[in-house]
Each structure stands twice: as C-alpha cells, then as structure tokens.
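Work through the exercises below with the sequence and the 3D structure at hand. Each one sets a task and then gives a solution in steps.

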Amino acid sequence: MTDDPTAPPALRRPVDVARQLEAILLVVDEPQSLVALATAVGAPVPAVRQAVAGLVADYDGETGGPRRGFELREVGGGWRLYVREDHDDLVSEFMNAQAPTRLSQAALETLAVIAYKQPVTRSQVAAIRAVNVDSVVRTLVARGLITEQFTDPDTGAVNYGTTDALLTHLGINSLDELPHISPLLDDGADGFAGETLP
C-alpha cells in the first residue's frame with residue numbers, strides 16, 4: 001500500500017481514496033453516484049463505497065472524533081455534502097448578512113429563468129443564459145428565493161423552483177401573476193445586430 005494518489009488503485013490505501021473523495025465532494029454542486037465518484041478518483045466502486053461509508057461515520061462522530069457541522073448525505077442516488085439540518089438557520093442568517101441587499105444583474109436573470117421555467121435544472125438554466133450559473137444559484141438558494149424541489153432519479157440533477165419568499169418580495173400571491181413573457185420579447189422583425197430581415 002502507498003500514499004501516492006497516482007499509484008494503481010490496488011496499491012492505494014483506503015484513506016487515500018477517502019481523501020480524494022473529500023476533495024471531489026467539496027466542489028460538486030450535484031449529488032454524485034458511486035460510479036461517477038469511482039471514475040473521478042480512479043478506484044473500484046467497492047473501495048469507493050467503503051470510503052464513503054467511512055466518511056459518513058467520521059462526519060457523524062462515530063469514529064471517536066466530533067460530529068461535524070456538515071454531513072455526507074445520499075440524495076437521489078448520489079452523494080453530496082450538506083450543512084446539518086440543525087445549523088440551517090445559522091448558515092442562512094450568515095449568508096443573508098453577507099449578501100448585498102440588491103441582486104446582481106446575473107442573479108436577476110437567473111431568477112427570471114427559474115421563475116418562468118420551473119422546475120428547471122442548473123444545466124438547463126446555464127444553457128438558456130449561455131453562462132455558468134453555479135455560484136448565482138447558490139446565492140439565490142442562500143437568499144431563500146429558490147429551493148431544491150426534487151432530484152431527477154435518472155440523471156441525479158437537482159430541479160429548482162421559486163419559494164414563497166420570492167412572491168413576498170415581488171408583492172404577488174402566485175406565479176400566475178407574473179407578466180406574460182412573450183409581449184416582452186423582441187419578435188425578431190428587426191433581425192440581428194441591427195440588420196433588417198429581407
């Protein structure tokens with residue numbers, strides 16, 4: 001056994017696989033299946049399953065250490081790090097205190113896409129806006145304007161929707177009161193970049 005993370009999987013120690021999994025899990029925004037995690041760290045699925053179980057036990061304080069403020073949870077067939085439920089209020093207050101009172105243009109555009117297209121995944125929003133929306137979605141979740149509605153059982157993608165807090169901020173009772181979007185869109189008669197259509 002070796003500590004070299006580039007060594008063949010058969011020669012790596014279980015603790016090395018666990019460390020690599022931690023590194024991956026710290027940066028993912030969607031739950032990851034065991035197969036996806038195994039592919040990412042180049043280890044067999046049984047070794048990843050064992051390492052995940054070890055991390056869960058470690059974070060839960062079952063291995064002699066403290067119970068962490070976060071947990072490794074299986075959601076929709078995949079694994080992801082989450083804040084423990086008993087710290088949700090604290091984290092929400094902190095995030096709200098750190099957040100500016102006004103939303104950025106990117107956050108407003110992302111929020112509009114989610115409001116009109118919900119339920120919608122992060123990748124679908126990114127495709128519509130043609131930019132990466134990961135940090136903006138995290139901000140909107142932290143501000144309580146959108147929430148995770150469900151996880152697609154086939155893809156593991158989280159679907160987002162708006163919350164009652166958004167309705168309160170907009171001063172409306174339901175999403176049905178949002179203006180119809182089609183009258184707000186250019187009909188394309190003027191063409192692109194100022195060119196007129198023949």
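The model shown here is predicted.

**Exercise 1. Decide whether D86 is buried or exposed, and describe its salt bridge with R67.**

Start with the accessibility of D86: its relative accessible area is 54%, and because values over 50% count as exposed, D86 is exposed. Turning to the bridge itself, the closest N and O atoms of D86 and R67 are 3.7 Å apart.

**Exercise 2. Find which elements are tied together by the salt bridge of E109 with R129, and then examine the bridge of R122 with D134.**

In the bridge between E109 and R129, the closest N and O atoms are 2.8 Å apart. E109 lies in helix α5 (residues 105-117) and R129 in helix α6 (residues 122-129), so this pair ties together parts that are 20 residues apart in sequence. As for accessibility, E109 is partly exposed at 34%, whereas R129 counts as buried at 18%.

The second bridge joins the side chains of R122 and D134, with a distance of 3.4 Å from N to O. Here R122 is in helix α6 and D134 in helix α7 (residues 134-142), twelve residues apart, and the pair links distant parts of the chain. R122 is buried, with a relative accessible area of 6%, while D134 counts as partly exposed at 23%. To widen the view, note that salt bridges with shared partners join D60, E71, R73 and R84 into one network, and that the count for the structure comes to ten salt bridges.

**Exercise 3. Classify the aromatic pair formed by Y59 and F70.**

The structure holds one aromatic pair. The ring centres of Y59 and F70 are 4.8 Å apart and the planes stand at 65 degrees; because angles over 60 degrees count as edge-to-face, that is the class of this pair. Y59 lies in helix α3 (residues 45-59) and F70 in strand β1 (residues 70-75), so the pair ties together parts that are eleven residues apart in sequence. The accessibility step gives 3% for Y59, which counts as buried, and 30% for F70, which counts as partly exposed. Another ring takes part in an arrangement with a charge: the charged end of R73 sits over the ring of Y82, 4.2 Å from its centre.

**Exercise 4. Work out how α5 is oriented relative to α7, and which residues meet between them.**

Two packed helices are described by the angle between their axes and the distance between the axes. For α5 and α7, the axes come within 10 Å and cross at roughly 80 degrees. That makes α5 roughly perpendicular to α7. On the α5 side, A106, A107, T110 and L111 take part, and they meet V136, V137 and L140 of α7. To complete the picture of α7, its residues V136, V137, L140 and A142 are buried.

**Exercise 5. Examine the backbone at G144, at the bond between Q118 and P119, and at A130.**

Most residues other than glycine have a negative phi, and most peptide bonds are trans. Begin with G144, which follows α7 and has a positive phi near 80 degrees. Next, the peptide bond that joins Q118 and P119 is cis, with omega about -5 degrees, and P119 lies in the loop between α5 and β3 (120-121). Finally, A130 has a positive phi of about 60 degrees although it is not a glycine. A130 is located in the loop between α6 and α7 and counts as exposed, at 66% relative accessibility.

**Exercise 6. State where T151 lies and which residues it is in contact with, leaving aside its neighbours within four places in sequence.**

T151 lies in strand β4 (residues 146-151). With a relative accessible area of 18%, T151 is buried. Once the neighbours within four places in sequence are set aside, T151 is in contact with V75, G76, G156, A157 and V158.

Methods:
Residues numbered from 1 in each chain as written. Predicted model: local features only at pLDDT ≥ 70, side-chain atom pairs only at ≥ 80, totals over all residues. Heavy atoms only, no water. Phe/Tyr/Trp six-rings, centres within 6.5 Å; stacked < 30°, edge-to-face > 60°. Helix = DSSP H or I, 4+ residues; strand = E, 2+ residues; numbered from the N terminus. Buried < 20%, exposed > 50% of the residue type's maximum accessible area, 1.4 Å probe, protein only. Lys NZ or Arg CZ within 6 Å of the ring centre and 35° of its normal. Salt bridge = Lys/Arg side-chain N within 4 Å of Asp/Glu carboxyl O. Axes fitted to C-alpha atoms, helices over the stretch in contact; angles between N-to-C directions. Parallel < 35°, antiparallel > 145°, perpendicular 65-115°, else oblique. Contact = heavy atoms within 4.5 Å.
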